[in-house]
Amino acid sequence: MKFMNKKRFASSVLAGTLALSLAAPALAANNTTTNIAGSYADIPIAVVVPTTGTAQINPYGLPVSITKSNDSTVDLTGQKITTRPLSVKNQGAIALELGVSSFIVVPKGDVSVAAAADNNKAIKVDLEVAGLDDAALAIASDNEKLDDLLIDRFAAVATWAGAQKLAAPTAAKGDTAADITAAKTTNPMATLGAATVKGDLTTYGKDSIALFRLTGDLAQEPATDPWKETDGFESTIVFKFTPAAPTAGDATLTLDNTTLSAGGSLTATFAAGTSGRSVVAWSWAKAGGADITVTSAANDNKATVVEGSVSTGDTATITVTATLDNGATLTASCVYTK
């Protein structure tokens with residue numbers, strides 16, 4: 001299997017190149033002009049993606065052994081299309097969403113690709129992607145244990161329980177790549193967490209890696225003609241990567257009161273959990289018709305609710321928003337009812 005080490009993919013982000021004049025002195029004349037020139041430039045995204053992989057038609061789902069670095073073996077079992085371990089690794093300092101811009105499977109021999117397998121040689125093929133979230137994988141990219149850990153995760157049935165799937169487009173016997181309309185994703189198949197990059201050393205986060213494979217269904221014994229060595233397929237997958245929106249991880253935000261029927265005070269509590277996040281800003285807002293005022297004197301996690309001319313049945317929703325150090329936000333709400 002061949003890999004691209006630290007392959008650079010250009011993102012779709014537009015970067016502006018700023019051409020700024022020297023700061024004008026304090027006594028500059030009026031109507032001083034600043035010209036800003038904007039242009040497109042590729043911003044590299046650092047990922048490791050294999051350039052080739054190996055899969056085989058395995059009608060009975062027989063075990064396929066994978067050898068680890070200590071010469072022990074792990075079996076891949078129960079897969080009628082068995083793919084040897086493949087992974088995508090984020091080696092950059094920002095989280096990435098992994099999607100697919102093109103996925104085709106070109107049949108070979110007497111094989112065709114269909115939405116469902118039949119009793120001959122029409123096969124169903126799916127691309128599966130499983131994002132990992134495992135503290136044991138938060139290790140340096142050159143750690144010799146990493147490949148063995150990924151083999152174990154790849155072989156584990158539980159790894160694929162929540163995998164995202166993309167079905168291969170149909171293809172008739174004898175079709176070439178030019179005859180097939182590629183499948184693609186509209187939503188990410190996985191989010192690759194940021195890695196920590198210090199000089200030439202990259203340390204993965206617990207969620208910086210995703211595994212992928214081809215899987216599917218096919219007849220064990222075709223009705224008209226047995227499987228032959230000339231039967232098979234060639235698949236091409238084009239991954240795409242875009243920066244992921246910041247998330248709060250397992251951090252939480254709660255209010256000491258979720259309901260109010262009179263004026264009073266509210267206190268929000270932030271719990272970072274294992275996210276490592278912290279709050280950099282607080283804001284409070286009121287929505288609804290009740291005549292109440294919500295004020296945070298110190299612009300912090302505490303607010304005071306003062307009633308105005310309210311009547312029985314008036315309602316409003318009070319919301320506190322915590323902005324975290326990575327730009328993610330958390331909210332908590334309290335319902336006021338007179």
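**Exercise 1: the helix α1**

The buried residues of α1 are L146, D148, L149, L150, I151, R153 and F154. Before going on, note that this is a predicted model, where local features need pLDDT of at least 70 and side-chain atom pairs count only at pLDDT 80 or more, while totals for chains, interfaces and linings use all residues. Residues are numbered from 1 along each chain as its sequence is written, and side-chain values use heavy atoms, with hydrogens and water left out.

Task: work out why α1 is largely enclosed by the rest of the structure.

Solution. Helices (H or I, at least four residues) and strands (E, at least two) are DSSP runs, numbered from the N terminus. Step two is the count: 7 of the 10 residues of α1 are buried, so the helix is largely enclosed. Step three is to find what those residues pack against: β4 (64-67), β5 (73-76), β6 (81-83), β7 and β15 (209-217).

**Exercise 2: an open sheet**

Task: give the order of the 3 strands in the open sheet and name its edge strands.

Solution. Start with the pairing rule: two strands pair if DSSP finds at least two bridges between them. The order is β12-β8-β16, with antiparallel pairing. The edges are β12 (190-192) and β16 (232-243), since each pairs on one side only. For a closer look, strand β8 (residues 96-108) is joined to β16 by 12 bridges, and V105 has S235 as its bridge partner in β16.

**Exercise 3: the largest nonpolar core**

Task: which residues touch the most other members of the largest nonpolar core?

Solution. Define the core first: a set of buried Ala, Val, Leu, Ile, Met, Phe, Trp, Tyr and Cys residues joined through side-chain atoms within 4.5 Å. Among its 34 residues, V88, L98, F103, L127, V129, F239 and F241 touch the most other members. Now see who supplies the core: β2, β8, β10 (122-131), β12, β15 and β16 each give two or more residues. β8 gives the most, with 7 residues. Here's the general idea: in soluble globular proteins, nonpolar side chains tend to be buried together.

**Exercise 4: rings**

Task: what kind of aromatic pair do F154 and W160 form?

Solution. Rings of Phe, Tyr and Trp (its six-membered ring) pair if their centres lie within 6.5 Å; planes under 30 degrees apart count as stacked, over 60 as edge-to-face and the rest as tilted. The structure holds 3 aromatic pairs. For F154 and W160 the centres are 5.3 Å apart and the planes at 85 degrees, so this pair is edge-to-face. Compare F239 and F241, which form a tilted pair with centres 6.5 Å apart and 45 degrees between the planes. Finally, ring pairs link F212, F239 and F241 into a cluster.

Key: Buried means under 20% relative accessible area, exposed over 50%, partly exposed in between (1.4 Å probe, protein chains only). Contact means heavy atoms within 4.5 Å.
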